[in-house]
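Please keep the structure in view while reading.

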Amino acid sequence: MLRIGLTGGIASGKSTVSDWLRNNHFPLVDADRIAREVVAPGEPGLQKIVEAFGRRILLEDGSLDRAQLGELIFHHEDLRQSLNSIIHPLIRSRMRKQLETFEKEGAPVVFLDVPLFFEGSFEGWTDKTIVVYVTESNQLRRLMARNNLTEAEAMARIKSQMPLEEKKKRASAVINNNGTIRESEDQLIRILKQWGIK
Ligand SMILES: CC(C)(COP(=O)(O)OP(=O)(O)OC[C@H]1O[C@@H](n2cnc3c(N)ncnc32)[C@H](O)[C@@H]1O)[C@@H](O)C(=O)NCCC(=O)NCCS
Ligand SMILES: Nc1ncnc2c1ncn2[C@@H]1O[C@H](COP(=O)(O)OP(=O)(O)OP(=O)(O)O)[C@@H](O)[C@H]1O
């Protein structure tokens with residue numbers, strides 16, 4: 001089974017690319033989605049976050065206050081590390097299980113959509129990597145618009161990750177997402193064709 005990592009920077013367009021893969025029925029392991037599953041009410045992940053951050057991190061209905069947690073971790077490196085050490089092992093373990101399932105099903109190829117692919121040393125998990133790249137000014141603008149953030153808030157999120165220029169250097173292939181979504185899809189189709197993936 002060929003394993004392909006899909007990554008980029010925050011709001012660089014990974015989901016836009018992975019939506020295309022999903023719509024075209026490619027098997028996909030989605031780390032952001034798993035990150036939400038492992039902190040759903042009743043999950044041990046949520047319990048551990050409450051132990052570390054206190055009950056104030058919950059909304060009235062007992063679910064995680066994602067906006068508040070984001071506000072905390074993107075401004076405080078120590079809190080981000082503490083959240084990462086709780087949640088990343090749970091994400092990895094669920095990712096491994098999903099990969100095993102795809103392997104058992106005989107899937108010829110699987111994509112792993114992992115925002116923190118290089119930061120989390122996932123290189124050993126995949127055969128190739130695609131980085132979705134945008135300039136920092138486009139990234140900032142799109143992130144501010146999507147998450148309704150101020151420039152300072154959006155910049156703090158961008159700076160909490162490895163520079164996108166560095167990720168681009170490490171990629172097997174790069175999708176330049178500064179143009180239209182259609183142009184990015186065309187680049188993806190070309191890459192898949194080049195790698196003999198149907
Ligand atoms: C802090 C949380 C609650 C904020 O939730 P929110 O709904 O606002 O954002 P969402 O989960 O959609 O993440 C958006 C993007 O933020 C970036 N991001 C998320 N967590 C981190 C982190 N710990 N470090 C750096 N960047 C991060 C990623 O690019 C991600 O795609 C959430 O991001 C979270 O649980 N993060 C920890 C898990 C994690 O590391 N996820 C990244 C994928 S493994
Ligand atoms: N080519 C494009 N042109 C204009 N807007 C775009 C383009 N690609 C993505 N966007 C928009 O930019 C924002 C970020 O894209 P997307 O959510 O796909 O990024 P992401 O890399 O998955 O982000 P995250 O790491 O935060 O999950 C979204 O609002 C999306 O609609």
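Domain bounds here come from an automatic or database domain assignment. On that basis the protein chain is divided into domain 1 (1-27 + 109-198) and domain 2 (34-106). The model is predicted: local features need pLDDT of at least 70, side-chain atom pairs count only at pLDDT 80 or more, and totals for chains, interfaces and linings use all residues. Residues are numbered from 1 along each chain as its sequence is written, while chains are lettered from A and ligands numbered from 1 in the order in which they are written.

The centres of domain 1 and domain 2, taken over C-alpha atoms, are 21 Å apart. Seven residues from domain 1 and seven residues from domain 2 make the contact, where two residues count if their C-beta atoms, placed from the backbone, lie within 7 Å.

Strands and helices are DSSP runs numbered from the N terminus (strands E, at least two residues; helices H or I, at least four). Strand β4 (residues 128-133) is largely enclosed by the rest of the structure, because five of its six residues are buried, meaning that 20 or more other C-beta atoms, placed from the backbone, lie within 10 Å of their own. Strands pair if DSSP finds at least two bridges between them. β4 pairs in the parallel sense with strand β1 (residues 2-8) over five bridges, and T129 in β4 is the bridge partner of G5. With strand β5 (residues 173-176), β4 pairs in the parallel sense over four bridges; there V132 has I175 as its bridge partner.

The shell around ligand 1 draws at least three residues from each of domain 1 and domain 2. α5 (77-104) is among the helices that each supply at least two residues of this shell, and α5 gives the most, with five residues.

Methods:
A residue is buried if 20 or more other C-beta atoms lie within 10 Å of its own, exposed if 12 or fewer, and partly exposed in between; C-beta atoms are placed from the backbone.
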